[in-house]
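Hello,

Here is the structure I said I would pass on. My notes on the sheet and the ligand shell follow below it.

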Amino acid sequence: MSDTPFDIIEVRAGVEAENERFAAQVRDITARKGVFLINLMASPGAGKTTLLCRIIDALSPTYKIGVMEADMDADVDSYTVTAHGAKALQLRTGTSCHVDAKMMLRGLDCFQDPLPDVIILENVGNLVCPAEFDVGADLKLMILSVPEGDDKPLKYPLMFTVSDLMVINKIDTAPIFDFNTEKCKAHVRALNPEMQVFPLSAKTGDGMDAFLSRLQDVIAHTLTEKRKGAAK
Ligand SMILES: Nc1nc2c(ncn2[C@@H]2O[C@H](COP(=O)(O)OP(=O)(O)OP(=O)(O)O)[C@@H](O)[C@H]2O)c(=O)[nH]1
Ligand SMILES: [Mg+2]
């Protein structure tokens, strides 16, 4: 019996449960088809597309790469990654500030068999909403860029809590901005002790090797396991 003079419906829980069901379907597809799926999340302008191009360049000798570019409207990033040799798919999210698992399923459906070995979703530029929606990815990769400030883990904790790997981008601008990398890492550790943090510059290439090496290890290990499972 409600103690309010009106009914309350927990719509949020229903949305989350529905999203989880679609995310499970995404995981099932990527497991059966041997795909490594990355959900790349960050604020607008943090350097997602710039880092993505570096990742494509590093991985494409080994893997077939697909990219899903999610933007409310613009398609400039799809042209950029296509020029780097990746198969791109534009996800127009309209007024939605994130990609959810149902949109991801529709996106996967648009890639022709055999699917790319690695599919990277460049999520909508936003440090809040994308963190709330599990899209069934194998790796949640987030970027915080130096000009945004080292206090962002305090202000947008969910993104830092749910991500697996974090890049601090634009370290070449550290002398200009008042960014304390150690302080930032400490804030992140308090939220997510497992998070691996890679300070780098996607522009100059500083710090890229350590990040790419870790990424390649994770992808190789996961794809080996998925392919073993799919062959059973
Ligand atoms: N100085 C510096 N600039 C960078 C770095 N990485 C990216 N940029 C610049 O930052 C700007 C935004 O980069 P993008 O890669 O387009 O960022 P994004 O996150 O994809 O942006 P949206 O898709 O619009 O949200 C561009 O002018 C890049 O050249 C970096 O490491 N250092
Ligand atoms: Mg971009």
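Sheet

An open sheet is built from 7 strands in the order 3-2-4-1-5-6-7, with parallel pairing; strands pair if DSSP finds at least two bridges between them. Strands (E, at least two residues) and helices (H or I, at least four) are DSSP runs, numbered from the N terminus. At the edges are strand 3 (87-92) and strand 7 (196-199), each of which pairs on one side only. From one strand to the next the twist averages 20°.

This is a predicted model: local features need pLDDT of at least 70 and side-chain atom pairs count only at pLDDT 80 or more, while totals for chains, interfaces and linings use all residues. Residues are numbered from 1 along each chain as its sequence is written, and chains are lettered from A and ligands numbered from 1 in the order in which they are written.

Strand 2 (residues 65-71) and strand 4 (residues 118-122) run parallel, joined by 5 bridges, and Glu69 stands opposite Glu122 in strand 4. Strand 2 is also joined to strand 3 by 6 bridges, again in parallel, with Gly66 opposite Lys87 in strand 3.

Ligand 1

Around ligand 1 there are 17 residues, of which Gly47, Thr49, Thr50, Gly125 and Lys203 come nearest; a residue is near if its C-beta atom, placed from the backbone, lies within 6 Å. Helix 2 (residues 48-59) supplies the largest share of this shell, 3 residues.

Regards

How values were computed. Axes fitted to C-alpha atoms, helices over the stretch in contact; angles between N-to-C directions.
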